[in-house]
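Open the structure in your viewer and keep the selection tool at hand. The stops below go from the whole chain to single residues.

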Amino acid sequence: MKQSMVLLHGLFGGLSNWRGVIAHFQEDYELHIPELPIFDRHNNDPLSYLTDYLEFYIDKNSLTNVVLVGNSLGGHVAILYTHRHPANVSRLILTGSSGLYENTSMGGYPRRSSYEYISERVAYTFYDPAVATKALVDEVFGITTDARKCMSIVRTAKSAQRHYVADLLPAIQVPTLLIWGDNDRITPPHVAREFEHYLPNATLVMLAQCGHAPMMERPVEFNGVLEGWLGE
């Protein structure tokens with residue numbers, strides 16, 4: 001039986017963000033890419049709701065000893081799940097994770113109806129603005145022009161700010177890999193070093209000329225680092 005690898009996207013991310021990881025690891029791992037229910041209607045704290053959902057998903061699919069990979073908000077959810085269920089996570093991989101500090105310059109979308117503005121903000125996520133394809137910008141623009149989805153994004157971002165995880169990290173003994181973009185402007189490199197400081201069993205790898213989503217911008221390097229570390 002293949003070991004299960006669970007991939008968790010960020011606040012504006014989607015399943016397509018993991019295309020390169022899927023292609024590289026699908027033969028050796030049973031891959032799960034759940035769509036986090038960010039836009040569900042509920043009255044709970046958003047981050048707690050997402051962590052409960054991940055718990056439900058893993059239980060429903062009878063996944064054990066999982067490799068848990070999270071980008072940005074997905075990393076934050078992965079941390080909270082791992083803190084709850086350390087025995088069920090064999091390896092934890094965080095890339096551009098929130099939980100300590102995140103630049104929320106997109107804030108409340110003061111010009112959310114402006115396609116040009118959203119295009120600029122999406123490009124800001126990457127070192128190379130060309131990674132912000134029209135399809136990616138269209139996807140984010142569609143979210144920000146939907147009032148209900150936009151409010152869900154704002155609520156979730158505020159929840160992530162409240163869920164400061166520094167006090168939880170020392171208790172996470174699970175081997176953890178931090179893959180970070182050296183040019184990440186959302187969760188800058190000092191955030192990666194803070195994670196490395198607080199996590200007792202962490203390995204930090206910085207990728208040059210790379211922004212907030214290394215698995216998208218530097219897929220070959222990202223997959224190579226991850227594969228080598230998992231093989232140790």
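Show the surface of the whole chain first. The chain exposes about 10,500 Å², and carbon and sulfur atoms supply 50% of that area. Accessible areas come from the Shrake-Rupley method with a 1.4 Å probe, and for residues only the protein chains shown count as cover. This is a predicted model, in which local features need pLDDT of at least 70 and side-chain atom pairs count only at pLDDT 80 or more, while totals for chains, interfaces and linings use all residues. Residues are numbered from 1 along each chain as its sequence is written, and side-chain values use heavy atoms, with hydrogens and water left out.

**The whole chain**

Switch to a cartoon view. The chain has 9 helices and 6 strands; helices (H or I, at least four residues) and strands (E, at least two) are DSSP runs, numbered from the N terminus. Along the principal axes, the C-alpha atoms fill a box of roughly 45 × 40 × 35 Å. The radius of gyration is 17 Å, which agrees with the value near 17 Å for a compact globule of 232 residues. That radius is taken over C-alpha atoms, and the globule rule is 2.2 Å times the number of residues to the power 0.38.

How many of the 232 residues count as buried, in percent? The figure is 51%. Buried means under 20% relative accessible area, exposed means over 50%, and partly exposed is in between (1.4 Å probe, protein chains only). Among contacts with a separation of 6 or more, 74% join residues 24 or more positions apart, where contact means heavy atoms within 4.5 Å.

Colour the charged residues next. The mean positions of the 18 positive and 25 negative charges are 8 Å apart. Lys and Arg count as positive and Asp and Glu as negative, with His and the chain ends not counted; the place of a charge is NZ of Lys, CZ of Arg, CG of Asp or CD of Glu.

Select Ser-4, which is found in strand β1 (residues 3-8). Ser-4 is buried, because its relative accessible area is 6%. Leaving out residues up to four places away in sequence, Ser-4 touches Glu-30, His-32, Leu-63, Val-66 and Val-67.

Move to Ile-33, in the loop between β2 (29-32) and α2. At 22% relative accessibility, Ile-33 counts as partly exposed. Met-5 is 28 residues from Ile-33 along the chain, and their C-alpha atoms are separated by 8.5 Å. Beyond four places in sequence, Ile-33 touches Leu-7, Leu-15, Trp-18, Ile-22 and Tyr-57.

**Two serines with positive phi**

Select Ser-62, in the loop between α2 (46-60) and β3 (66-71). Its phi is near 50°, a positive value in a residue other than glycine. Ser-72 lies in the loop between β3 and α3, with phi near 55°. Which of these serines is buried and which exposed? Ser-62 is exposed, with a relative accessible area of 60%, whereas Ser-72 is buried, at 7%.

**Helix α4**

Select residues 115-124, which form helix α4. Its buried residues are Tyr-117, Ile-118, Arg-121, Val-122 and Ala-123. They pack against α5 (134-144). An α-helix has 3.6 residues a turn, so residues three or four places apart point the same way.

**Distances across the chain**

Ala-23 is exposed, with a relative accessible area of 52%.

Now take Ala-87, in the loop between α3 (73-84) and β4 (89-95). Ala-87 is exposed, at 78% relative accessible area. Ala-87 and Val-154 are 67 residues apart in sequence and 33 Å apart in space, C-alpha to C-alpha.

**Asp-184 and the cysteines**

Select Asp-184, in the loop between β5 (176-181) and α7 (189-198). Asp-184 is buried, with a relative accessible area of 3%. Apart from neighbours within four places in sequence, Asp-184 is in contact with Gly-96, Pro-189, Cys-210, Gly-211 and His-212.

Finish on Cys-210, which is buried at 0% relative accessible area. Cys-150 is buried as well, at 4%. The chain has 0 disulfides, a disulfide being a pair of cysteine sulfur atoms within 2.5 Å.
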